[in-house]
Amino acid sequence: MAQLTYLEAIRQGIWEEMERDPSVFLLGEDIGVYGGAFKVTAGMLEQFGEDRVVDTPISESAIVGAAIGAALMGMRPVAEMQFMDFISCGFDQIVNMAAKIHYRWGAAVPMVIRGPAGAGVHGGPFHSQSNEMWFVHVPGLKVVAPSTAYDAKGLIKASIRDNNPVIFYEHKYLYRRTKEDVPAQDFVVPLGKAAVRREGSDIALITYGAMVWTALEAAESLAKEGISLEVVDLRTLLPYDEQCVLSSVRKCSKVILLHEDTRIGGLAGELAAVIAEKAFEDLDGPIVRVTAPDTPVPFSPPLEEFFLPNVQKIADAARQLAAY
Amino acid sequence: MAQAPSTKSHTKAPVPGAQTLERMLYYLKLTREAEARIEQVLYRQGKIVGGVYVGRGQEAIGVGSAIQLFDGDVVLPSHRDFSSFLIRGFSLREIFCNWMARSNGPCHGRDNTLHIGDMSRGVIPIISHLGDTCPVACGVGMVLKWRKRGNVALVHFGEGTSSRGDVHEAMNMAAVMKLPIIFICNNNSYAYSTPTEKQYAVKDLAVRGAAYGMPGVKVDGNDVLAVYSTVEKALRRARSGDGPSFIECKTFRMTGHSAHDAAEYVPRELFAKWKKKDPILRLEKLLLAKKVLNKKQVDDVDADVKKQVDDAVAFAEASPFPEGADTLEGVYCDDGCWWKNTPVE
């Protein structure tokens, strides 16, 4: 089994799907000769040709719209947003066209929109956003956010095979920092299923994306103080694995909801409501959120450090909750 | 290299054969009768809820273009291209069920008006964010180009929609990739209440073709034969791999924007002027003069379309509404799409 980075795992997953299914093709800006801004599609033009690795003009709405049209024609397009921040320029096509076609007139729209999101690399307000909640609110879309290399490969393959429009959030901080053994053979990680990354008994910590690693680090540190955190990685944000969330909450009786996204309208708010509705009797303390503040993502290192949740912030919240 | 654009009007229309001419008249009249029933009867009776948008006066554009499409071609009509749906094989019964929100309409009550699509018939409908179908046409065009069967995508939009970024992104992408797409602008002179002089600052939108590197042509949109021949040239170009074209069809919306709009912002004399250019009367007169049809045959067409609309209305009225809880079905296409999935092969 080869050690792959998160980025290589995504690349390998796409590559295998391209080999497996001739209806899979790629489109986006600078993805061909250049191989993509982060090199996720490196070598694919040479391997699969220009009909399957399509360089486009800088036109996110046209990229998404073209993916929709091709999907309606029976293809499985995988569209790259150079940065997920730029998905706003294709927003209308995603939420009004792609998400509603099947509901309105029954056709399948099997397509993936993928790209790098998230902060931690000093990208500033337009290269660092966690804008997944723009899409989690839209019925008809699926939203995926892997945290590990294994999941990144398994989830991109499942997303490409899915018959619905899938928005696939790759955390750019993890691209080259996360590495693990990933099987070379075919496998998928099913959409809609969360994973318990660390078993615990005192506090259920529910998170996703790069924050999974921050949470695990915090859990390791808190274990030394006798506080046992259970870390749940959602993996798919829409539809999310409500059963896994509730069973972890019921097991631990206390819960921290953690994300890098800003607070108002973030996934933590939704999960808090579901937990309050369905597991209120099982709670022994208040539902706690650890999130970014409601500001744009700042550029300067001290500002960005202040903005992002970290081990310290999680540990502080966990200690308070444990003592409640 | 891009062709030199032409903004000249195509006046020398080749006359199609008698059979095609008869079909044109039939679809023009069927469209007019069906839309009149929707706008002037069913809506006023409260039997159609929601917005009602019709294409009275501009029927020749849909007919003159869609009538020459082949199997495997894909049309993305606008909300005033009723005839495109009929020509591509939708029955009046289906269409009226959709307008009247019945469960056996193609949208099962989830969407209204002409938001009706079916890939097996090569129709992708608009959404209310007009212009969004232009980028979608690019994806269709890409696949048609790869399949090398000489098929085309034909996408309609209005002159108001032509101000939207999606139209520009799509025309640029189509030209760069030499996609087999015909962009047809149904320029009916008013976007809701906005006249053309407040919509764009060029005399003819046709010049925009050149800006993207594709032919841009204007045509009398009330002359079905002119539309036919202009579209035919563009289709030939697209089918032979030479890329997209832009056609501006000059016409006039002989109604308000929708059934509730009395169009008081439109000078009355414009209606009188354009009434004289009515596309149906023009074709009917021509067919009588050329003895393609006699008066009795024209009367028979009138009686036939009326009968068909009567039947469709009766069928729709007898059809059930969907159940409220049906709303929960089919958000996702999991475990097989829940009602159909028929991509054009």
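Modeller: A:Arg197 counts as partly exposed, because its relative accessibility is 29% (buried is under 20%, exposed over 50%, partly exposed in between; 1.4 Å probe, protein chains only). This is a predicted model, with local features needing pLDDT of at least 70, side-chain atom pairs pLDDT 80 or more, and totals for chains, interfaces and linings using all residues. Residues are numbered from 1 along each chain as written, chains are lettered from A and ligands numbered from 1 in written order, and side-chain values use heavy atoms, without hydrogens or water.

The partner of A:Arg197 is A:Asp233, in a salt bridge of 2.9 Å, N to O (cut-off: Lys or Arg side-chain nitrogen within 4 Å of an Asp or Glu carboxyl oxygen). A:Asp233 sits in strand 11 (residues 229-233) of chain A and A:Arg197 in strand 9 (residues 195-198) of chain A, 36 residues apart (DSSP runs: helices H or I, at least four residues; strands E, at least two). A:Asp233 counts as buried, because its relative accessibility is 0%.

Strand 11 of chain A also holds A:Glu230, which pairs with A:Lys251 of helix 8 (residues 242-252) of chain A, so parts 21 residues apart in sequence are tied together. The closest N and O atoms are 2.5 Å apart. A:Glu230 is buried, at 3%. A:Lys251 is partly exposed, at 41%.

B:Asp204 and B:Lys218 meet at 3.3 Å, N to O. B:Asp204 lies in the loop between strand 5 (194-195) and helix 7 (208-212) of chain B, and B:Lys218 in strand 6 (residues 216-220) of chain B, so parts 14 residues apart in sequence are joined. Both ends count as buried: B:Asp204 at 8%, B:Lys218 at 18%.

Back to chain A for a network. Salt bridges link A:Glu16, A:Glu17, A:Arg20, A:Lys153, A:Lys157, A:Arg161 and A:Asp186. Where does helix packing come in? Helix 1 (residues 6-20) and helix 6 (residues 149-161) of chain A pack at about 30 degrees, axes 8 Å apart. Among the residues making that contact are A:Glu16, A:Glu17 and A:Arg20 of helix 1 of chain A and A:Lys153, A:Lys157 and A:Arg161 of helix 6 of chain A (contact: heavy atoms within 4.5 Å). Side chains of opposite charge can pair when their charged atoms come close.

Over all chains, the structure holds 48 salt bridges.

Technical notes. Axes are lines fitted to C-alpha atoms, for helices over the stretch in contact, and angles run from 0 to 180 degrees between N-to-C directions.
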